[in-house]
Amino acid sequence: MIEVDRLSKRFGSVTAVDDLSFTVRPGRVTGFLGPNGAGKSTTMRVILGLDQPTAGQALVGGRRYDGLVRPLRAVGSLLDASALHAGRTARAHLRSVAQSNGIPRPRVEEVLRLAGLEGVAGRRAGGFSLGMKQRLGIAAAMLGDPPVLMFDEPVNGLDPEGIGWIRGFFRELAADGRTVLVSSHLMSEMAQTADHLVIIGRGKLLADVSTQQLIESSARHDVLLRAPRSAELAGLIAARGGTATSQPATSQSATSQSATSQSEGALVVTGLDAAAVGELAAANGIALHALVPRQASLEDVYLDLTSDSTDYRAGES
Amino acid sequence: MTGPSLATRATDLVASEWTKFRSVRSTFWVLLVAVVTPVAVSAVVAFAFANAPKSGAAGSRPPSDPLLPEVISLEYAVIAVAVLGVLAFTSEYSTGLIRVTFAAAPRRRAVLAAKATVLSAVTLTVGEAVAFTSFGLDQAVLAGHHQGVSLGHPGVPGAVLCAGLLLCVCTLLGLALGAIVRHTAGGIAATIAVIVVPAILALLPSPWNGRIGRFTLLEAAGQVTALHPAADLFSPAWSLLVLLAWPGIALAAAAVLITRRDA
């Protein structure tokens with residue numbers, strides 16, 4: 001378990017983490033999401049005792065990290081896959097890390113196999129691809145067989161096979177009952193990996209929900225329809241307890257709309273699902289030209305949540 | 001406190017640092033330079049001293065001290081091992097590996113101590129081997145010209161031992177300044193500056209050149225390695241203290257800063 005309690009971290013005048021509190025529980029994969037610069041890496045560094053918090057604290061298994069005697073047996077972490085000496089072999093790197101925590105030599109060979117690196121263990125890490133470095137970093141995190149694991153952007157640089165492997169690996173770790181915190185700035189990535197999401201922006205907590213809840217909480221869960229007698233249908237929908245609003249033609253869709261009759265209106269319906277709207281139209285003899293159930297993707301929800309807290313955005317004037 | 005004893009944890013950290021030290025090629029090359037250069041240079045310098053005219057123009061006087069060729073040559077090795085010391089930390093800061101190291105060992109001063117232990121053990125061994133080899137070579141050259149001294153001569157064993165210590169002193173100074181500066185180029189520049197720049201104090205008018213100069217690393221090194229120490233500087237015993245104080249103070253500063261700063 002990782003407990004972050006009213007944590008703040010300022011670098012000069014920049015507040016990287018702002019009164020942040022959340023708990024990462026064992027037995028599930030928790031995604032740590034936020035745009036670039038949201039404070040994810042800073043939070044992880046504070047959890048690992050690398051950065052001193054300005055206020056608040058972070059506990060791992062109920063203890064401060066710098067109070068751990070054999071920290072790698074309590075917490076495994078991968079912050080930066082490139083944090084390697086280019087001239088050192090994968091095996092020598094892992095051995096030096098293992099020795100610092102009194103981890104016996106055979107465990108080094110075990111984690112090399114676990115990460116699929118046994119064939120390149122004797123090669124210098126400087127020649128590794130980013131994907132191989134990620135695997136080496138994960139191998140190092142697993143050295144102490146720790147109950148708590150933290151990975152900062154572990155999917156960067158992995159090929160599709162590697163991404164599939166790492167997702168399965170995180171799930172296995174969680175199924176073992178371990179606490180797994182995985183950061184990413186990509187919702188699409190986390191949607192397929194994480195059971196629970198901690199979303200931050202500008203150092204503040206935006207959401208701490210299960211992935212399923214986040215999908216369901218989406219406000220954009222509606223049905224788009226097109227019908228010649230849309231005004232009549234809107235009245236019927238309202239009578240059934242739904243809400244129908246006519247969708248104004250946007251400039252982008254004007255061309256395609258010009259091909260259809262001007263009288264054919266587009267409606268966005270909430271409160272009734274697509275099946276109910278279709279039955280209603282059929283019962284009243286109203287033809288439907290389109291009936292599209294729309295669900296906001298997690299990506300949309302995430303963008304809504306973080307739109308106010310993105311530090312760097314393209315196309316801003 | 002439960003878990004492994006302090007001694008076990010210290011041993012583990014030293015083992016980890018030893019693995020790091022010997023698993024990169026730069027270690028080998030730097031040590032090769034530190035061994036070959038002084039031995040070769042000292043032989044050349046000894047020849048030059050032996051063949052210098054007995055009396056003549058200034059600048060070509062014969063050496064007043066038969067151990068001088070060795071000290072001059074070791075100053076070449078000093079730069080090499082100082083770089084080795086600087087790299088111990090800066091190579092980790094430049095790659096971000098320092099975060100892996102400090103996450104594995106949150107007691108950062110213990111990491112500093114472990115690195116110092118490994119570097120000291122290696123540079124003491126290499127330094128003494130080089131000092132005694134150079135001494136043997138130099139004296140063989142000088143003896144041919146009846147200027148040599150034997151190892152049994154009073155004051156000689158201590159002076160040669162201190163010459164060997166010089167490498168360890170400079171590598172620890174480099175280690176500490178590397179931990180303080182955290183950038184390789186800056187760390188090397190700072191270390192060389194601390195070792196070499198104070199030599200300009202020798203240009204001060206007498207007696208201030210001696211009064212201030214005796215606190216510098218190189219003058220102290222000269223005193224403890226000389227058969228005939230200069231009269232206007234500290235005694236060899238005090239000079240040894242000055243020599244050890246340089247890395248000592250730098251390491252103390254590094255120990256304070258290393259725990260205060262974010263990694």
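At what angle do helix α1 of chain B and helix α5 of chain B pack? The model is predicted, so that local features need pLDDT of at least 70, side-chain atom pairs count only at pLDDT 80 or more, and totals for chains, interfaces and linings use all residues. Residues are numbered from 1 along each chain as its sequence is written, while chains are lettered from A and ligands numbered from 1 in the order in which they are written.

Helices α1 (residues 6-22) and α5 (residues 108-143) of chain B pack at about 55 degrees, their axes 8 Å apart. Helices are DSSP runs of H or I with at least four residues, strands are runs of E with at least two, and both are numbered from the N terminus. Axes are lines fitted to C-alpha atoms, for helices over the stretch in contact, and angles run from 0 to 180 degrees between N-to-C directions. The angle therefore makes α1(B) oblique to α5(B); under 35 degrees counts as roughly parallel, over 145 as roughly antiparallel, 65 to 115 as roughly perpendicular and the rest as oblique.

Chain A holds an open sheet of six strands with mixed pairing, in the order β5-β6-β7-β3-β8-β9. Two strands pair if DSSP finds at least two bridges between them. The edge strands, β5 (75-78) and β9 (204-210) of chain A, each pair on one side only. Within the sheet, β6 (residues 148-152) and β7 (residues 179-184) of chain A pair in the parallel sense over five bridges, and A:M150 stands opposite A:L181 in β7(A).
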